[in-house]
Amino acid sequence: MNQQQTGISEPLVAPKPVIDYNAVDPLLTHQTTEFKHKFPLTSCKVDPTGTHLVAGAEDLEIQVWNIKTKAQRTLKGHTSWVRCFDFSQDGKTLYSACWGGEIKAWNLVDAEPKPTLSIQAHQGSARWVRVSPDQTKLATCGNDLLVKVWNISDGKLLHTFAGHERHVYAVDFHPDGQQMASQDLMGVIHVWDLNTGKIVRSIDAGVMTGYDNKFAADMGGARDFKFSPDGSELASAGITKVVNSFAGVQDPIIMLFDWKTGKATAQLKPDKSFQGIAWGVRFHPEGFLIGAGANRSGKGELWFRKPGEEEFFHTMPLPKAARGLDLLHDGRHLAVAHSDGAARIYRMTEKQPA
């Protein structure tokens, strides 16, 4: 007997919505994985293949986790804290910079990696290391006010760039491979021609510094420094409005610069109640910007900004202070180094069924 014969209509069952679990949406960001170390972390980096997550900590060691298997290795050889990493394009070689002034290379294919290259790059801290787009050079900078370029195969010094008057905090190659940019303690950004070794121009990021009256010291410098993939923008993360930097009484800031004009296009800040430091910034392939920071109470946040907007459209609280940020190759995951010794992976999509 059918519905017409009985006069009874059966309720229609709505089809289940089709969920794309790979669709990126920052509003859906959630933690998926946690890797633990016994000391607070100071930095993190994911290799271009998405295989390894590395982190520096408040000790002399480098922690390496296999993201898929969670297997952990420890690299020993530095004389001070490691604050910056970069990888070869194939993800097999790791480059690290420590506050003892050393740059080291490690072959992660080895079961127990040892340094394959060691360079005493700077007097005082070596704050940054970057691999050139053509994979032939390393750029470094440090507390000796210098920016240097090295031959990646044998560690031979190729160029020394002098022009900064204060500690140089960060350096990065422009994607075109012909220029690079560096930023110092006072917010001065120099743009260098790699062929001539001369300063092409300087960019003012002076808002990213301040004088701490309590400790009678200048505070500032880039905590992260990154070009957009197409080279049209430069992002710098750090601090502004310094009152008492040692107590965290300062504001986080992420500045964006138009590379063609050298003009600042955005000064991005989180909610006024969040005082601290912006430790990380990344450009997502879909166009939005991601930032991460730590506040004076030891908590952290992730920030998301759409192109052209003057404010973050989404803020995600983190369990502990964020001390480093990186984006995985798939564009769906983030890695964050935390002050409680944990490196956590966050996914920017719908939660997948168990």
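Figure 1. Lys137 touches Arg130, Val131, Ser132, Val149, Trp150, Ile152, Leu158 and Phe173, leaving aside residues up to four places away in sequence; contact means heavy atoms within 4.5 Å. The model shown is predicted: local features need pLDDT of at least 70, side-chain atom pairs count only at pLDDT 80 or more, and totals for chains, interfaces and linings use all residues. Residues are numbered from 1 along each chain as its sequence is written, and side-chain values use heavy atoms, with hydrogens and water left out. Lys137 belongs to strand β11, which covers residues 137-142. Helices (H or I, at least four residues) and strands (E, at least two) are DSSP runs, numbered from the N terminus. Lys137 counts as buried because its relative accessible area is 18%; buried means under 20% relative accessible area, exposed over 50%, and partly exposed in between, with a 1.4 Å probe and protein chains only. The side chains of Lys137 and Thr136 are joined by a polar contact of 3.1 Å. A polar contact is a pair of N or O atoms within 3.5 Å; within protein, one must be able to donate a hydrogen and the other to accept it, and residues adjacent in sequence count only if both atoms are side-chain atoms.

**Figure 2. The open sheet β10-β11-β12-β13.** This sheet has 4 strands in the order β10-β11-β12-β13, with antiparallel pairing; two strands pair if DSSP finds at least two bridges between them. Its edge strands are β10 (126-131) and β13 (157-162), each of which pairs on one side only. Neighbouring strands of the sheet are turned by 20° against each other on average, direction ignored. Axes here are lines fitted to C-alpha atoms, for helices over the stretch in contact, and angles run from 0 to 180 degrees between N-to-C directions. Strand β12 (residues 146-151) and β13 pair in the antiparallel sense over 5 bridges. Val149 stands opposite His159 in β13, and Val149 is also among the residues that Lys137 touches.

**Figure 3. Asp86 in strand β6.** Asp86 is located in strand β6, residues 82-87. With 10% relative accessibility, Asp86 counts as buried. Its side chain reaches the backbone nitrogen of Val131 at 2.8 Å. Beyond residues up to four places away in sequence, Asp86 touches Lys45, Thr93, Leu94, Tyr95, Val129, Arg130 and Val131.

Figure 4. Strand β14 (residues 168-173) is mostly covered, with 6 of its 6 residues buried. In the antiparallel sense, β14 and strand β15 (residues 179-184) pair over 5 bridges. Two facing positions can be followed here: Val168 stands opposite Asp184 in β15, and Asp172 stands opposite Ala181 in β15. The two strands form a hairpin with 5 residues between them, and Gly177 in the turn has a positive phi of about 75°.

**Figure 5. The open sheet β14-β15-β16-β17.** Here 4 strands form an open sheet in the order β14-β15-β16-β17, and the pairing is antiparallel. β14 and β17 (199-204) stand at the edges, each with a single partner strand, so one side of each is left without a neighbour in the sheet. On average, and with direction ignored, neighbouring strands of this sheet are turned by 20° against each other.

**Figure 6. Lys241 in strand β21.** Lys241 lies in strand β21, residues 233-244. Its relative accessible area of 54% makes Lys241 exposed. Apart from residues up to four places away in sequence, Lys241 touches Val249, Gln250, Asp251 and Lys269. The C-alpha atoms of Lys241 and Pro40 are separated by 26 Å, and the two residues are 201 residues apart along the chain.

**Figure 7. The chain as context for the close-up views.** The chain contains 1 helix and 30 strands. Of its 354 residues, 56% count as buried. Residues 24 or more positions apart account for 46% of the contacts with a separation of 6 or more. The accessible surface of the chain comes to about 16,000 Å², of which 50% belongs to carbon and sulfur atoms; accessible areas come from the Shrake-Rupley method with a 1.4 Å probe, and for residues only the protein chains shown count as cover.
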